[in-house]
Amino acid sequence: MLEKALSGSRRYWAWIVFLLLLILVGFLAYMRQFEIGLGVTGMSRDVSWGLYIAQFTFLVGVAASAVMVAIPYYLHDYKRFKDIVIYGEFLAVSCVVMCILFIFVDLGQPMRIMNVILHPTPHSMMFWDMCVLFGYLLLNFIIGWTSLGAERKGFPHPHWVKVLAYIAIPWAVSIHTVTAFLYSGLPARSFWLSAIMAARFLASAFAAGPALLVIFLLILRKVSSFKVGKEALQALAKIVAYAMIANVFFFLLEVFTAFYSRIPEDMAAFQYLFWGLDGKHSLVPFMWSAAVLALLGIALLVIPRTRKNEVILPFAMAAVYLAAWIDKGVNLILAGFVPNPFGQVIQYAPTATEIMIVIGVYAIGLLILTVLYKVVLGVREERA
Amino acid sequence: MKIERREFLKLGAAVAVGLGGGLTLDVLTKTKPAAAETRTDVAGTRVSSKALHAKRWAMVVDASKFKTEEDFRRVKEACVKAHNIPDFGPDSKHQIKWIWEEPFERTFYGVDDPYLPEAIKKENFPVMCNHCENPPCVRVCPTQATFKRPDGIVGMDYHRCIGCRFCMAACPFGARSFNFVDPRPYIKDINPDFPTRTKGVVEKCNFCMERLDQGLMPVCVEASNGALVFGDLDDPTSDVRKILDTHYAIRRKPELGTGPSVFYLVGGGGAGA
């Protein structure tokens, strides 16, 4: 089926070449990092994780695009998702590949990555995260690819695919939970030491994943033969609205606990995010942008008139997606290191090399997504 | 035929013993001619019969004896020299620190009180890895590159570490450093008896396990003129226990339950009296 990705319009190839160029730039930047070490990034002794791990954390969430279409389709037989479920699954595949790449580029000794398998360590959450992420990648790829193969031949998908689809649903819950456990079990970081972290991860994932899926489906409607239905879009929009409301609610629960208890250590990271701390406030503009975008996105999705307006809908989705990205792909990780174990505020800013590597990884994800979507479109155009 | 690394080292040890007529060999340290006999421990490693043993190594810091900058400099330099710690300059983001000084409010972040005596507020304290009883760094490490020895020391295998820095996020004491770049050009004079590190791995104080295994006290303890006391926390007759039995000592962040093995005598309650 892969040959479907090898024929396309001039515009398609221009897009592919553009992505390849970005990947090349990212690769060259990575070669520099590989040679010199992580010293080429903005990370330090005090902020020892930066954009890479933050992107990894955020993209685990976006991979929820699959489960949020799979549950209505496979569990509730919601037929309007029949044609879009594969787009959700392939988006998840691309996200999980990016997650793995972001972990890889974050390693100080990438050539030793197999040590994680050579010396399996069940008491490390990183070990479990590796297991669930690889599992989720395989599940979504196998489910998507097999159903598409069946569709091409005009058969219903084999029975075992449905079994895998059922397994993939709790599996999706596990990737967000285990990723949250990377953070929520550390006594050192009070900003992360929160029982509600896994719930926050699920809520933000269920918002960001489908939000990005809607944006991609609307792009496909413009540039391809696939015209997503109004009802399917509305159903996704409602899912995003509920999930984002839950996400904001969970965040406010954290704010209440910190500020009503007035425990200094619990308040510190929030103070840093909202107002700055010790005269350092690099994340303040991010925090307030996220707050405004989240409320704007929710408002546009909750009010039926704006939600049903398909001109406004992509902006609402973009607002939710950006708010979730700032919350998880920037603030959550960086503010976790503030204050440091000595009570100091040490700030972090990514370097140009670091940003190029991030863009390179995103370009790889988009390339995988483009190829997979092109195959889906090709197979379906052939049958039409 | 495949030869595992450990077997290779054992083989090397046997050859070395055969040639040198009694050498000590540790996985981490280069051999050093010594008169002592060697024996093989549970892990199959040859250790000197002079090796010091404990159920749980611990340190007491007598802060009253760290009066001047010189007191800190002596201790830090001994450590830097013994462990090939690079010098990136005081303001570098890439600093590697094993033992260094912090003021009270930072050492005991969370305990800081506006009504403390001025003398304590202004005092500096040496900080280092606490070799916790329940080390969060060991719990999170995905490759067991950081591990707790039976004698309580939290060690690092620089050859296994993948540089994920999960341990740095997990350490409540900021005790861990990462080699952001190749440290070797920044080492003043290389001590051939201790390994240098490569870029991309994490490191920290190791309570001088390589010295204990040869029957020597940690190098900072030796250089401290009695300001640092080292011993077995499990042995009621040890020096550290004798001090702890009669003096009020505090630990950093005890509420987190990690069980630090470094104790501080604060406010002039020195153990020297």
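Tutor: What follows concerns a predicted model, taken topic by topic.

Student: How many cavities of 30 Å³ or more does a search of the whole structure find?

Tutor: The search finds 11 of them. The largest cavity holds about 110 Å³ of space.

Student: Which residues lie nearest the centre of that largest cavity?

Tutor: A:A188, A:R189, A:S190, A:E265 and A:P339 do, out of 13 residues that line the cavity.

Student: And what is the make-up of the lining by class?

Tutor: The lining of the largest cavity has seven nonpolar residues, three polar ones and three charged ones.

Student: Changing topic: how do helix 6 and helix 7 of chain A cross?

Tutor: Helix 6 of chain A covers residues 125-153 and helix 7 of chain A covers residues 159-184; their axes come within 9 Å and cross at roughly 150 degrees. An angle over 145 degrees counts as roughly antiparallel, and therefore helix 6 and helix 7 of chain A are roughly antiparallel to each other.

Student: Is the crossing left-handed or right-handed?

Tutor: Helix 6 of chain A passes helix 7 of chain A in a left-handed crossing. Their contact has 22 nonpolar, five polar and one charged residues.

Student: What separates the C-alpha atoms of A:T370 and A:L22?

Tutor: A distance of 14 Å separates them, although A:T370 and A:L22 are 348 residues apart along the chain.

Technical notes
Residues are numbered from 1 along each chain as its sequence is written. Chains are lettered from A and ligands numbered from 1 in the order in which they are written. This is a predicted model: local features need pLDDT of at least 70, side-chain atom pairs count only at pLDDT 80 or more; totals for chains, interfaces and linings use all residues. Side-chain values use heavy atoms; hydrogens and water are left out. On a 1 Å grid over the protein atoms alone, a cavity is a set of points where a 1.4 Å probe fits but cannot get out, and a pocket is an open set with protein on both sides within 12 Å along at least five of seven lines; lining residues have an atom within 4 Å of a point. Grid points are joined across faces, edges and corners, and a volume is the space filled by probe spheres set on the points. Ala, Val, Leu, Ile, Met, Phe, Trp, Tyr, Cys and Pro count as nonpolar, Asp, Glu, Lys and Arg as charged, and the others, Gly among them, as polar. Axes are lines fitted to C-alpha atoms, for helices over the stretch in contact, and angles run from 0 to 180 degrees between N-to-C directions. Helices (H or I, at least four residues) and strands (E, at least two) are DSSP runs, numbered from the N terminus. Angles under 35 degrees count as roughly parallel, over 145 as roughly antiparallel, 65 to 115 as roughly perpendicular and the rest as oblique. A crossing is left-handed if the near helix is turned anticlockwise from the far one by less than a right angle, and right-handed if clockwise.
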